[in-house]
Amino acid sequence: MTHDFSQEMIEDRESQNQQGNTWREYFSFNTDHKVIGIQYMVMTFIFFLIGGLLAMLIRAELLTPESNLVDRPLYNGLFTMHGTIMIFLWIIPFNAGLSNYLVPLMIGARDMAFPLLNAISFWILPPAGLLLLSSFFLPNGTAQSGWWSYPPISLQVPGDQFINGEFIWIVSLVLIGISSIMGAVNFVTTIFWMRAPGMTFFRMPVFVWSVFSAQLLQLINLPALTAALILLLLDLSFGTQFFKPDENGDPIIYQHLFWFYSHPAVYIMALPAFGIFAEVLPAFSRNPLFGYRSVAIATLGIAAISIFVWVHHMFTSATPGWMRMTFMATSMLVAIPTGIKAFAWTATIWRSKLHLETPMLFAMGGAAMFIFGGVTGVMLAATPFDIHVNNTYFVVGHFHYIVFNTITMAIFAAIYYWFPKITGRMYAEGWGKLHFWLTFIPANITFFSMHPLGLQGMLRRVSSYDPQYQGWNIIASLGSFLLGASTLPFIANIVGSWLYGPKAVDNPWHATGLEWTTSSPPPRDNFEEIPIVTRPPYDYGNPKYSVIVNSDNSE
Amino acid sequence: MFSVFEYILIAVYVAVLLIVSRWMGLQAFSWMPPQATAEAQRVDDLFSFLVSIGAFILLGLIGVMVYAIAFHRAPPEDYTEGHPSRGDARLEILWTATPTLLVVWIALQSFNIYQQLNILGLNQIVHLHTPQQEAGGKGAGGRGNALFQMPLFESAPAVAATVSDAPKPASETIDVFVKQWDWSFRYPNNVTSNQLHLPINRSTRLNLQAQDVIHGFYVPEFRLKQDIIPGRKIDIVLTPIRPGKYRLKDSQFSGTYFSLMETDVYVESLAQYNQWLTQTTSSEQTPINQAVAENIQPPKTLFNSGWYTVTPAQPGIANKRKLNNDT
Ligand code: HEM
Ligand SMILES: [Cu+2]
Ligand SMILES: [Cu+2]
């Protein structure tokens, strides 16, 4: 925000602009939001690979009904770590990285509001992640009570060890939470105060709307999780009894605090994904986003409603009837703004001129799978049905349709879509399409199979199961191994294209949006001159974007 | 924004969708395990309804996408716009109203069925509390005034008038004791066993009590599930209608040997049930607790972490005396 750069800094920046970003920058403390964004995205992708390996181990154990690959404490540690890593070290921080990269560019700002704070938010994460992973090497291993870490089960640790897996789990999560809060302050401030002249709220791309809503949720709800974790830590290591039932504590309070954050967390993860769909679908169908205003408002609406639905995770807990019915009603309300979005995406595609490049494939695939996940979500909100399938594989199937088939697919769409902008090079289209099909088909094989298992009553978090469930489990496991393999063409493509790919033009997709008006990759200060916004977003009818003078992107 | 041809196309499409989604809804019954309680029938009706509506929405929207992929592809260098419309107030109202109506319909339907189930009684009594509080808590509404209830949730809003937490009276009451990793049941005549026997066609109240951590009562064929929270007494009332042998499972993750925490459930005629009750008093069976067995002799797995595990509590039968004075 301060524009009084010293002469030295300006020279420094200019020399950086000429050189482009060097590799060393990415491993060092840097306050450029673009460098930080890339740091986030690369680091979280490594955690995604680790989390994916753990998932494949889990699925390998579940190939057969007996427990024969990993012993039971290790199995419990595996699913605890898998869930924790995927949520807290993959999706949430990846979104933070993508938003970091894009938001200032999309609103015409030179950087985030607090660049130094931004860098600190990022640099908390690698130590926190390494700390979490280090618990694999403790004599008694990692935390084993699932990513919910419900007491009293999470308080059952070997009595003579102060440093145990659960302890480390709590400490790393608190650190990650601190990083998120700092990030949230930064995003909300940036979007509120740093928009370019003419960039009114209703000229903001929906992606910016979704980051804004998601980060507001972080600010409002994350403190509840932090409180729960700190109380849990006191119970675990310092002899308090907030949650210990045999000493007059109440484990249900923990559940309320935990889900008060962790339900909105679903939308902290999903809203940016919806934002990605809202950018990619119009660009590749050459239509303005249909019903832009309703979609923007629906984004805030989803965030607002999602604060009041947390008890749907506790329908089978000690939850009285009136509370079950109240939260059934609020949970179902979420379907209205979400429905608006799904209809708007579909109407954008209707009567369009579709270009099915890789980002579009991932976006359409993700949007379609979201409709499936949304439908099973409404089913789960119906209390009597939820009582049957709660804690079964039906729920695991449902949320993987959201976290993987929707959000992770959206993330891939985003990576391909903004790859030319970020790296200044084009990725290889054929490899991208291969990656799409290798992801889309196995993801459906893997996660669809979990629904019939859950309907039949197979419980989640089991390391062995009744032989009657084996059929679908084999299908799910084989699907998951293919899914693991699908990351290989992706990595090859991204690394290869980043190093050797053909140079990209500034706007290879002929997309609207300020980020496409600057060079690829953008200079240190994003824009030669701060743009003045005079047109609505998604201006695909404008000849500027549709009449091609420079088709030099065919290279 | 539509031509006549498109209107006809949409009408035909919707008609086909209606037929297909209703058919899916009927199929849905066969995706579930057999219905072994009266409650299961209700839940399955709801599921069938949800599948019908869900299939309609899902196929409807995905159909449009597939249609676009089939018929609306642009030549590679054509970056002109598809349709110029940025919105259409009528359409937007339509698709806000549609999910709203659907959701209200689904919620009402679910509410109805929930009321018919009338399964749950929460005596939110903290374990160590005095007997008179416990007695007070068992009264109408079943809400004890223990310290640790969240006062916020105590004052129930208007719905409470229609959704009662006092379950319907049951003709049979069985105590269920659960701990890491063992189920045991105490019958009206004070017999304690590791098997759950239920007389058919009679509503039975299960009095659920956990000793150490949170567990869950779940028999897939019954469709009902209830967490068992240590320190709280929670009832569940169900009416078995189908004779047979089922598996009771622990539905809330409860630590190392969680997966082994299953036991047999028998639904049988009242005569058989009574006969079993009298037989069991005379012949004490020694159950094999799998968790205990595995704690002593772990199975050979490829990777052995040797990480910490909570030692399973002694089998229920050996603890019979202790169980009788309410753990
Ligand atoms: C973006 C990707 C993913 C995310 C965010 C994610 C998230 C989660 C979460 C939160 C859990 C719950 C852990 C718990 O029960 O405590 C979980 C469980 C599980 N996930 Fe994933 N997951 C992802 C990808 C995958 C993949 C690719 C597979 C491969 C099959 C997979 C398989 C499983 C399995 C088998 C469980 C265990 C379910 C259980 O026993 O409860 N996940 N995942
Ligand atoms: Cu939720
Ligand atoms: Cu249990």
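This is a predicted model: local features need pLDDT of at least 70, side-chain atom pairs count only at pLDDT 80 or more; totals for chains, interfaces and linings use all residues.
Local features need pLDDT of at least 70 and side-chain atom pairs count only at pLDDT 80 or more, while totals for chains, interfaces and linings use all residues. Residues are numbered from 1 along each chain, and side-chain values leave out hydrogens and water.

Start with the two chains. Contact (heavy atoms within 4.5 Å) draws in 120 residues of chain A and 109 residues of chain B. About 9800 Å² is buried between them, 67% of it on carbon and sulfur atoms; buried area here is the accessible area (1.4 Å probe) lost when two parts are put together, summed over both. On the chain A side, A:W322, A:W350 and A:R351 lose the most area to chain B, together 9% of what that side buries.

Four salt bridges cross this interface, a salt bridge being a side-chain nitrogen of Lys or Arg within 4 Å of a carboxyl oxygen of Asp or Glu. One salt bridge joins A:D250 to B:R232, at 2.5 Å from N to O.

Now to ligand 1. Its shell holds 27 residues (a heavy atom within 4 Å), and A:H82, A:H400, A:T408, A:R460 and A:R461 come nearest. A polar side-chain atom of A:H400 sits 2.8 Å from a nitrogen atom of the ligand. For A:R460, a polar side-chain atom is 3.0 Å from a ligand oxygen atom, whereas A:R461 uses a polar backbone atom, 2.6 Å from an oxygen atom of ligand 1.

Key: Chains are lettered from A and ligands numbered from 1 in the order in which they are written. A polar contact is a pair of N or O atoms within 3.5 Å; within protein, one must be able to donate a hydrogen and the other to accept it, and residues adjacent in sequence count only if both atoms are side-chain atoms.
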